[in-house]
Amino acid sequence: MTDGIIQRDGEQVVFRYERHLARPLDVAWHAVTDPAEIERWGGVRTELDLRPGGRFVSYHQGGHRVEDQVLRTEPPHLFEHTYFKDVNPGAVVTWRLQEADSGSLLTFTHRLPMDDVRAAAKGIAAGDDTLTILARNGAGWHHVLDMLGAYLSGQSLPWSPQEQQALQRHYATLIP
């Protein structure tokens with residue numbers, strides 16, 4: 001398990017993860033930007049117009065449709081987009097890829113304003129405190145990136161609700 005780092009910068013929380021991926025840069029880029037590949041490793045159907053201003057639509061459990069916007073792309077190194085814009089209007093996710101020994105290195109960040117977290121606590125995540133919401137985000141990204149790494153290594157990643165809960169409890173201890 002490779003933990004992420006969670007930092008507070010004033011009224012913003014930044015989740016940061018690094019993952020060594022066992023595939024070359026072009027394959028890793030394709031895995032994080034091609035809708036068919038995203039569905040294979042992430043289990044989420046997507047539509048993606050990979051141009052600044054383009055739509056990034058994902059369909060989650062129960063058919064929940066989320067429309068986000070591509071902010072920046074610099075193939076094959078940078079992909080930046082909003083994240084759940086309807087709930088977190090200030091959230092930005094950045095995927096940075098670079099060549100590394102025997103594969104590539106992914107540096108992933110999710111910047112999330114505390115105003116968005118507090119609004120979620122009153123709305124979509126009503127009843128959850130900000131610590132729970134942040135821990136759920138930290139654990140969620142950790143798991144998503146582990147799924148990507150496993151996929152690119154040709155492995156499967158067994159997972160259970162108990163493992164998710166344990167990871168969320170762990171991330172609760174990392175939040176500043």
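**Pocket, helix and rings**

Reply: The largest pocket holds about 1300 Å³ of space. A pocket is an open set of points on a 1 Å grid over the protein atoms alone, where a 1.4 Å probe fits, with protein on both sides within 12 Å along at least five of seven lines. Its volume is the space filled by probe spheres set on the points, which are joined across faces, edges and corners.

Me: Where do the numbers come from?

Reply: This is a predicted model, in which local features need pLDDT of at least 70 and side-chain atom pairs count only at pLDDT 80 or more, while totals for chains, interfaces and linings use all residues. Residues are numbered from 1 along each chain as its sequence is written, and side-chain values use heavy atoms, with hydrogens and water left out.

Me: OK, how many residues line the largest pocket?

Reply: The lining has 38 residues, and His60, Tyr83, Phe84, Gly140 and Val144 lie nearest the centre of the pocket. A lining residue has an atom within 4 Å of a point.

Me: Which element gives the most to that lining?

Reply: H4 does, with 8 residues. Elements are DSSP runs numbered from the N terminus: helices are H or I with at least four residues, strands are E with at least two.

Me: And by class, what is in the lining?

Reply: There are 20 nonpolar, 15 polar and 3 charged residues. Ala, Val, Leu, Ile, Met, Phe, Trp, Tyr, Cys and Pro count as nonpolar, Asp, Glu, Lys and Arg as charged, and the others, Gly among them, as polar.

Me: Switching to H3. Which residues are buried there?

Reply: Met114, Asp116, Val117, Ala120 and Ala121 are buried in H3. Seen down the helix axis, they fall within an arc of 155°, so they line one face of H3. That arc is taken from the directions from the helix axis to the C-beta atoms. Buried means under 20% relative accessible area, exposed over 50%, and partly exposed in between, with a 1.4 Å probe and protein chains only.

Me: What does the face turned away carry?

Reply: On H3, the face turned away from the buried side carries the exposed residues Asp115 and Lys122. The cover over the buried residues of H3 includes strands E1, E2 and E8, and also H4.

Me: New topic: how many aromatic pairs are there?

Reply: The structure holds 8. Rings of Phe, Tyr and Trp (its six-membered ring) pair if their centres lie within 6.5 Å; planes under 30 degrees apart are stacked, over 60 edge-to-face, and the rest tilted. Tyr17 and Tyr171 have ring centres 6.4 Å apart and planes at 40°, so that pair is tilted. Tyr17 is in strand E2 and Tyr171 in helix H5, 154 residues apart.

Me: Are those two buried or exposed?

Reply: Tyr17 and Tyr171 are both buried. Trp41 and Trp95 make an edge-to-face pair, 6.5 Å centre to centre with 75° between the planes. Trp41 lies in helix H2 and Trp95 in strand E7, so the pair ties together parts 54 residues apart in sequence.

Me: Last one: where is Phe84, and what is its phi?

Reply: Phe84 is in the loop between E6 and E7. Its phi is positive, about 50°, although Phe84 is not a glycine. At 15% relative accessibility, Phe84 counts as buried.

Technical notes. Contact means heavy atoms within 4.5 Å.
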